Amino acid sequence: MSETTTEQIFPETPIRPPFDPELVPVLEAVRETLSPLSAEALPMMREQSANGLLGMDPVDLTVDGAVRVEERQVPGPEGDPDITLLILSPAVDGPPRPAVFHTHGGGMVTGNRRLGVEMFLEQVAAGTAVVVSVEYRLAPEHPDPAPVEDCYAGLVWTAKNAAELGIDPERIMIAGASAGGGLAAGTALLARDRAFPKLSHQMLICPMLDDRFETHSSHMLDDEGIWDRAANLFGWTALLGDRRGGPDVSPYAAPARAEDLAGLPRTYIDTGSAETFRDETLAYARRLSEAGVSVDLHMWGGGFHAFDMMVPHAAVSRASIATRDEFIRRALEA
Amino acid sequence: MRDLIGKLEVVDDDAASALRVIDHFDRLVDERASIAAVVRAAAALAGATAGLHDAARALVRRFTPDGRALTGEKEGEWRHEPVPGHPGSWLWLERTGEDGPLDALILERAARALQALGTGSSQPSTSGLVRIVCDPDATEADRRDAVARLGLSGTATVVLSTSAHLPTTLISTVGTLVVALLPGAPSLPEDIRAGSATATDPLRLPIAFEQARTAFRLAADVGGLAPSVLRYEDLGALAVIAERISAEEAAAVGDVRRLDELLAAHPWVVETLHAVLDQPSLRQSAAMLHLHHSTLQERLGWLSGQLGYSPTKGRGRQRAAVAVLLWRVAHGTDHEVVAEPH
């Protein structure tokens with residue numbers, strides 16, 4: 001596969017929907033600060049993402065003392081190093097709470113356990129959830145199955161130690177955005193197939209699910225938008241190496257390949273209409289539904305990848321965030 | 001990546017930040033973004049609530065830096081940035097404390113973006129000019145210009161009504177009410193519900209507009225015995241009550257609540273009180289109500305028992321008059337649903 005040229009993979013650039021006008025100025029500003037994803041640029045990008053992507057200000061995870069922040073070293077997959085879990089719990093003790101097990105984004109190659117957890121911080125501060133975010137090993141230094149197995153090991157430890165963490169083990173939602181969405185879906189498949197633990201919900205936010213580049217949307221962004229086809233090819237190749245696109249990729253690495261989606265948890269899944277992951281998201285939602293899973297699917301017209309995290313003030317972002325927050329609220333309420 | 005846009009506030013290189021502000025609004029114009037998107041962008045870039053007032057279209061938009069729409073028109077004393085070519089239209093930032101280094105630039109570029117995004121003619125319609133003339137927040141220059149365009153000079157009358165059947169073409173709307181301007185102080189048709197007020201100088205029409213609103217609140221519905229058309233100038237001391245007491249406060253007064261309770265089963269109560277208070281004798285009151293005067297006597301006997309005071313004599317008569325007036329204040333805005341800006 002390493003002999004395959006980009007021209008062979010992407011012979012054409014099919015049409016895409018326009019970006020929402022209100023999103024465009026920020027998209028352009030962000031693109032000016034981004035360099036194309038490459039092995040050389042990776043160390044710099046990881047540094048940028050240490051406090052959140054693109055130099056975003058670090059979030060106060062304690063929310064002025066309402067949230068207890070701790071980190072635990074817990075066993076990784078058998079024979080592998082320990083992994084770090086970031087655990088955010090309400091500062092006020094109470095009855096066991098539902099948990100959000102969070103797998104961060106970053107294209108499988110960047111990001112850390114703090115990235116994106118603020119999405120659930122309000123719930124923790126309000127005393128209605130415990131968040132556990134896993135520091136999985138990154139590709140390409142640690143290719144598949146290291147990332148997804150680290151996520152699963154963290155989930156198993158969380159479920160087994162639910163009592164100590166103040167978690168109701170019957171109500172664990174797994175959630176992640178982008179590569180984290182793909183890892184959440186893969187981890188949910190592992191939990192189903194290994195019969196532990198039981199998940200109540202999976203929240204797959206603009207998820208990275210498919211390494212095969214067979215959909216329309218996986219070809220339509222060429223050096224535009226966020227996470228174009230070249231970046232996506234870089235991410236999948238980092239994770240899978242020569243196996244990318246071939247017959248030897250497990251559904252836990254690329255959940256779009258799973259043949260049986262029955263028995264997966266209640267699902268929230270979303271995407272922008274102008275992003276690489278659009279079609280794999282729509283297909284996954286349809287196939288989950290056909291397998292008898294209850295799915296909330298939202299496609300936001302004119303949205304590029306992670307638009308609502310980058311341009312939260314835009315009207316389409318407000319709609320997306322409000323819809324997702326409302327689902328989180330309903331999923332976590334008793 | 002949340003708050004990415006907010007990084008503008010802490011960027012050290014002022015020239016680079018200024019360029020980003022300029023680029024941001026230029027791109028919104030290139031993309032033909034909405035007017036609301038421009039106001040949201042101003043708020044997000046400045047990190048402060050931003051607002052747009054468009055008097056000609058009776059529009060107020062306010063957004064927080066995270067894009068949340070705020071309702072209400074409480075603008076405070078913020079510096080107005082006029083939108084060029086759009087009379088009666090301006091932007092502001094609700095910045096408490098010291099101005100941000102880019103505030104002036106953000107407002108200026110946002111205003112220019114709105115100008116560029118304006119549709120077709122930037123000259124307001126007649127309806128828009130009527131609103132500008134009545135808007136207390138419009139600049140004097142804009143108001144003077146609008147007065148001239150409408151051809152007003154000397155005394156003019158503002159009418160607020162539920163009907164558009166008025167002898168003028170200078171008509172607009174506020175909420176669900178019609179606003180009309182008439183030269184001079186003409187008499188109005190009687191078969192509409194309306195309040196009017198007259199200004200000797202057209203530049204004082206915003207005050208007359210508020211006075212006409214007060215008169216409208218006290219005007220009765222068409223078809224009853226009480227007048228449905230009221231001139232503010234005829235109200236005198238009565239106007240003070242409508243100006244100082246809100247509908248909610250009036251509705252909470254015990255005597256008003258009692259009238260509402262009685263009205264539920266006896267729809268004649270307020271009309272009967274009006275006739276009794278309006279006419280010098282019970283016989284004339286009965287004629288006004290088309291009732292035999294003994295029937296009116298019976299009703300009043302019952303009513304005195306229910307109210308706990310006699311509405312026909314002395315202090316009781318005064319009490320009933322004030323109660324009916326407050327009852328009109330409480331219900332005068334029932335049909336006046338003001339549309340919330342989106």
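Q: Axes are lines fitted to C-alpha atoms, for helices over the stretch in contact, and angles run from 0 to 180 degrees between N-to-C directions; at what angle do the axes of H6 and H7 of chain B cross?
A: This is a predicted model, in which local features need pLDDT of at least 70, side-chain atom pairs count only at pLDDT 80 or more, and totals for chains, interfaces and linings use all residues. Residues are numbered from 1 along each chain as its sequence is written, while chains are lettered from A and ligands numbered from 1 in the order in which they are written. Helices (H or I, at least four residues) and strands (E, at least two) are DSSP runs, numbered from the N terminus. The axes of H6 of chain B (residues 205-218) and H7 of chain B (residues 237-244) come within 9 Å, and they cross at roughly 95°.

Q: Are H6(B) and H7(B) roughly parallel or roughly perpendicular to each other?
A: Angles under 35 degrees count as roughly parallel, over 145 as roughly antiparallel, 65 to 115 as roughly perpendicular and the rest as oblique. With the axes crossing at roughly 95°, H6(B) and H7(B) are therefore roughly perpendicular.

Q: Which residues of H7(B) make the contact with H6(B)?
A: The axes of the two helices come within 9 Å. A contact means that the C-beta atoms of two residues, placed from the backbone, lie within 7 Å. From H6(B) the residues taking part are B:Thr214, B:Arg217 and B:Leu218, and from H7(B) they are B:Leu238, B:Ala239, B:Ala242 and B:Glu243.

Q: How far apart are the end C-alpha atoms of helix H11 of chain A?
A: The expected span of a helix is 1.5 Å times one less than its number of residues. Helix H11(A), residues 315-332, has 18 residues and should therefore span 26 Å, which agrees with the distance between its end C-alpha atoms, 26 Å.

Q: How wide is the arc that the buried residues of H11(A) cover around the axis?
A: A residue is buried if 20 or more other C-beta atoms lie within 10 Å of its own, exposed if 12 or fewer, and partly exposed in between, with C-beta atoms placed from the backbone. In H11(A), the buried residues are A:Val316, A:Ser317, A:Ser320, A:Ile328, A:Ala331 and A:Leu332. They lie on the same side of the helix, because the arc that they cover (taken from the directions from the helix axis to the C-beta atoms) is only 125°.

Q: Which residues are exposed on the other side of H11(A)?
A: The buried residues of H11(A), including A:Val316 and A:Leu332, have just been placed on one side. On the other side of H11(A), the exposed residues are A:Ala322, A:Glu326 and A:Arg330.

Q: Is A:Leu239 buried or exposed?
A: A:Leu239 lies in helix H8 of chain A, and beyond its neighbours within four places in sequence it is in contact with A:Met108, A:Ala139, A:Pro143, A:Asp144 and A:Ala253. A:Leu239 and A:Asp144 are 95 residues apart in sequence, yet their C-alpha atoms are 5.4 Å apart in space. Because A:Leu239 has 29 C-beta neighbours inside 10 Å, it counts as buried.

Q: What is phi of A:Ala195?
A: A:Ala195 is found in the loop between H7 and S6 of chain A, and with 8 C-beta neighbours inside 10 Å it counts as exposed. That loop also holds A:Pro197, which is joined to A:Phe196 by a cis peptide bond with omega of about -15°. Although A:Ala195 is a residue other than glycine, its phi is positive, near 60°.

Q: Which strands are included in what covers the buried residues of H9(A)?
A: Helix H9(A), residues 278-290, reaches 19 Å from its first C-alpha to its last, close to the 18 Å expected for its 13 residues. Its buried residues are A:Arg278, A:Asp279, A:Glu280, A:Thr281, A:Tyr284, A:Ala285 and A:Leu288. What covers them includes, in chain A, strand S7 (266-272) and strand S8 (295-300).
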